[in-house]
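Please look through the structure shown below, and keep it in view while reading the report that follows.

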Amino acid sequence: MARFDQASDAQLTRLLAELERAGNGSHELTRLVHELQVHQIELEQQNRELLAMREVLEESRERYADLYDFAPVGYLSIDVVGRIQDINLTGAKLLGQSRDTLIGRTLGGFLLPQERTRLQAHIADVLHGKEPTICEVRLKADDTADVAEPQTLMLESRREDGSTPPQIRVILSDITERKRTERERRQRDSAAAAAESRHRLVSGLERLSAAATAAFDPQTVLNDLLRVVQNLLRVDRAWLLYPCDPDANEVRILAEATVPGCPGEPLTDRAVPTDGPLRGLIRSALNTSDPVQDPDPRAVPILGGGFAPRSRLIIAVRPEGDRPSLLGLHLCRVERTWNEGDLTLARALAGRLADILDILATRRALSESEERFRATFEQAAVGICHLDQQGLFLRVNRKLCNILGYTEEELLARTCRGLVHPEDHDALMRYIARIGEVTPYDRDKDRSGAQSLELRHIGKSGQAIWCNLTMASVRDSSGDLRYFIGVIEDITARKQLEERESRHRHALFRVGRISTMGEMSSAIAHEVAQPLMGISTYAGGALERLESAPTDVEPLRLALHEISRLAARAGRIIERIRDFSKQHASTPRPIDLEAIGRAAVAMIEPETRANGVKVEIRVGADVPFASGDPVEIEQVLINLLINGMDAMRDTPPAERRLRVAIERADPNQVRVVVADRGIGLSQTEPSRLFDPFYTTKEGGTGLGLSMSRTIVDSYGGRIWAEPRPRGGAVFTFTLPAHRPGHSTDGSPASSADGPLDSAPDTAIGDPK
């Protein structure tokens with residue numbers, strides 16, 4: 001450009017010199033040339049200014065390019081579908097690609113799939129608006145990059161004015177670190193709020209627990225608990241309503257707590273009728289486990305003591321052992337929006353209140369149980385005592401003092417062993433040892449009834465007192481014995497009654513036997529008369545031989561031997577009659593039922609011979625000894641045999657048979673069956689067959705079968721009657737089999753003698 005100016009100036013100077021040499025120039029031409037020279041100077045000045053401006057512009061362009069490319073944010077232009085038209089180096093670096101590879105590619109291809117829809121919505125907002133629009137998107141992570149989270153970019157976009165087709169200018173900013181910082185700050189704030197909430201919660205629960213143990217009276221405890229709830233949640237009034245049941249006709253305010261000056265009347269111990277708004281309030285609390293912010297706190301104004309509160313929070317308190325209650329929290333002066341911390345605290349306090357209500361209910365039940373125990377212990381109709389392991393009385397009730405005749409102080413200074421009759425002392429020691437050895441498992445295994453012991457105590461005046469003692473051991477959680485509980489019942493009157501009944505029963509049995517002997521008297525007289533007549537005959541013959549002084553003494557010896565035999569036979573008959581009819585004590589012992597059966601048949605042999613009845617006895621294999629009294633069981637058999645014989649009076653003589661079967665019923669029982677071929681049971685009432693004084697025999701007493709049942713039942717057996725299939729009746733009774741080691745004398749016993757000399761041979765026959 002300078003060379004051009006120098007050439008132009010040299011040319012113009014040369015032109016002016018030529019004009020002056022030529023001398024033919026005019027003044028106008030000179031002026032024109034001069035003006036041209038001036039313009040040339042101006043143009044040269046402008047040219048120099050333009051060159052200076054060009055240099056400035058070049059420098060500015062270079063500075064703008066550097067500023068554009070190396071700006072701290074990314075700049076790019078995109079079209080309406082998101083294709084990149086231009087981008088600076090910072091933007092390319094943010095997208096992780098070179099600038100050349102980014103031109104023409106869509107911006108959405110670098111985003112996470114779920115972010116592409118957001119970008120499209122952002123572009124649509126920019127195209128339809130005039131103001132800059134901001135959007136946050138997350139980039140796809142590079143497969144080779146090890147990053148914990150996607151990179152977050154903020155897009156600040158606006159449409160370029162007048163651009164055709166439309167272009168969008170976008171500023172890209174990396175806000176990943178800012179997002180992380182904000183998230184960490186929120187986490188710190190949340191952790192701090194959670195710590196504060198936990199501290200508030202733990203402190204509140206501790207205060208509730210302290211209030212629950214500070215007093216014993218349930219009403220005082222409830223009021224203190226609500227006062228703590230009121231302070232923790234900063235409310236004007238707190239109340240507890242029971243029951244939280246919309247179907248209840250009325251509810252009651254169990255307790256309340258209010259701040260001083262809170263408007264409204266006291267609510268405690270007031271019955272509140274359940275109307276529609278209150279039912280709705282209760283249902284809303286029962287339908288959720290969370291606190292409920294009452295949208296209409298002015299409803300049910302009676303819960304505010306007649307004053308409508310500004311804000312109300314309710315929550316159902318649900319103890320396990322009772323119906324729910326309703327906890328209400330009121331703000332009377334201002335409205336309040338309960339935050340999450342308040343709701344969490346209210347939920348936790350309600351749960352703790354439910355636990356405390358269970359504890360109070362348990363405490364109340366224990367108190368009532370203690371009162372009932374004291375009343376039962378002191379007013380019981382039997383004597384009750386607690387004993388330690390040495391038998392020392394720990395506690396006695398009034399009835400036991402009355403039974404033994406001692407005062408409470410006198411009994412507490414003695415032991416139970418010192419009050420027992422000497423003959424019963426060993427039995428008591430064995431009983432206490434057995435109770436003390438019973439484990440909780442053993443007690444759970446046998447719950448059929450408590451074991452008891454009948455023994456005699458010695459009263460203060462020295463008299464013997466029959467008592468029924470029932471003891472149980474009380475153990476701790478580890479199974480160690482703590483003490484014994486004893487229940488002592490005075491059974492002296494019962495023992496005396498049992499003794500009288502036993503005497504009466506044995507007298508009745510004796511009367512029955514005598515009655516049986518009376519029925520058999522004619523046959524017995526005939527039976528006894530036979531040996532006596534033989535004695536008389538043989539004695540007369542012996543005397544005649546002695547008077548004639550016989551030289552042969554053998555006939556005389558035979559006659560005397562026959563006299564001795566007949567006399568012995570008459571004696572045995574009389575002895576058996578005496579044994580059968582005498583009074584004696586019945587004691588269970590092992591008995592041989594076969595021997596007793598044959599003795600009974602021999603006893604009634606005169607009757608059976610006179611009536612033409614044949615008796616057959618069948619004994620099964622391996623029949624054990626039974627347990628009972630031989631005389632009484634013989635009486636049962638004689639009664640059944642005589643009844644069977646009487647029932648066959650109209651039976652043809654050839655069919656008059658009594659069959660007796662003795663067999664094992666099961667491992668623990670022996671069965672005796674007596675079958676006849678008589679008239680059967682058609683003329684009797686089966687339900688009354690064994691009733692006293694019921695009889696179908698003319699002249700009968702009606703005591704035989706009744707006494708037979710009493711005897712069999714007393715030894716643990718059973719007796720019954722059945723029709724015989726081919727006519728007649730079958731009477732059966734069972735007795736417990738004797739178990740070795742359980743007998744009184746340790747050996748089987750039978751009082752039955754052998755059969756009489758004149759007894760017929762017995763045959764094996766089927767009792768059916």
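## Helices α19 and α20

In this predicted model, helices α19 and α20 pack at an angle of about 145 degrees, and their axes are 9 Å apart. The crossing of these two helices is left-handed. On the side of α19, the residues that take part are Glu632, Ile633, Gln635, Val636, Asn639, Leu640 and Asn643, and they meet Gly704, Leu705, Met707, Ser708, Ile711 and Val712 in α20. Sorted by class, the contact of α19 with α20 has seven nonpolar residues, five polar ones and one charged one.

Which residues of α20 are buried? They are Leu705, Ser706, Met707, Ser708, Ile711 and Val712. After α20 comes Gly716, whose phi is positive, near 85 degrees.

## Helices α17 and α19

Helix α19, which covers residues 630-647, also packs with helix α17, which covers residues 593-603; the axes of the two come within 9 Å and cross at roughly 50 degrees. An angle under 35 degrees would count as roughly parallel, and one of 65 to 115 degrees as roughly perpendicular, so α17 and α19 are oblique to each other. The crossing of α17 and α19 is right-handed.

The contact is formed by Leu593, Ile596, Gly597, Ala599, Ala600, Val601 and Met603 from α17, together with Pro630, Ile633, Glu634, Leu637, Ile638 and Leu641 from α19. Divided by class, the residues of the contact of α17 with α19 are 11 nonpolar, one polar and one charged.

In soluble globular proteins, nonpolar side chains tend to be buried together. The largest nonpolar core in this model has 39 residues, and of these Leu593, Ile633, Phe733 and Leu735 touch the most other members. At least two residues of this core come from each of α17, β18 (614-619), α19, β20 (657-666), β21 (669-675), α20 (704-714) and β23 (729-736). The element that gives the most to this core is α19, with eight residues.

What does Ile633 touch, when its neighbours within four places in sequence are left aside? Ile633 is in contact with Ile591, Leu593, Ile596, Ile711, Tyr715, Phe733 and Leu735. Apart from the core described above lies another one, of 36 residues, which includes Val229, Leu327, Ala346 and Leu360.

## Two residues and their surroundings

Gln167 is placed in the loop between β4 (152-159) and β5 (168-174). Is Gln167 buried or exposed? Its relative accessible area is 16%, and because a value under 20% counts as buried, Gln167 is buried. When residues up to four places away in sequence are not counted, Gln167 touches Ser77, Ile78, Asp79, Gln85, Arg158, Arg159 and Glu160.

Ser203, in contrast, belongs to helix α6, which covers residues 176-214. With a relative accessible area of 25%, Ser203 is partly exposed. Although Ser203 and Leu232 are 29 residues apart along the chain, their C-alpha atoms are separated by 9.0 Å.

## Backbone details

Most residues other than glycine have a negative phi, and most peptide bonds are trans. In this model, a cis peptide bond joins Tyr242 and Pro243, with omega at about -5 degrees. Pro243 is placed in the loop between β6 (237-242) and β7 (250-258).

Phi of Arg234 is near 55 degrees, which is a positive value in a residue other than glycine, and Arg234 lies in the loop between α7 (218-233) and β6. Phi of Asp622 is likewise positive and near 55 degrees, and Asp622 is found in the loop between β18 and β19 (626-628). The relative accessible area of Asp622 is 63%, and because a value over 50% counts as exposed, Asp622 is exposed.

## The protein as a whole

How many helices and strands does the protein have? Its secondary structure comes to 20 helices and 23 strands. The protein has 768 residues, and buried residues make up 40% of them.

Definitions and conventions. Residues are numbered from 1 along each chain as its sequence is written. This is a predicted model: local features need pLDDT of at least 70, side-chain atom pairs count only at pLDDT 80 or more; totals for chains, interfaces and linings use all residues. Side-chain values use heavy atoms; hydrogens and water are left out. Axes are lines fitted to C-alpha atoms, for helices over the stretch in contact, and angles run from 0 to 180 degrees between N-to-C directions. Helices (H or I, at least four residues) and strands (E, at least two) are DSSP runs, numbered from the N terminus. Angles under 35 degrees count as roughly parallel, over 145 as roughly antiparallel, 65 to 115 as roughly perpendicular and the rest as oblique. A crossing is left-handed if the near helix is turned anticlockwise from the far one by less than a right angle, and right-handed if clockwise. Contact means heavy atoms within 4.5 Å. Ala, Val, Leu, Ile, Met, Phe, Trp, Tyr, Cys and Pro count as nonpolar, Asp, Glu, Lys and Arg as charged, and the others, Gly among them, as polar. A nonpolar core is a set of buried Ala, Val, Leu, Ile, Met, Phe, Trp, Tyr and Cys residues joined through side-chain atoms within 4.5 Å. Buried means under 20% relative accessible area, exposed over 50%, partly exposed in between (1.4 Å probe, protein chains only).
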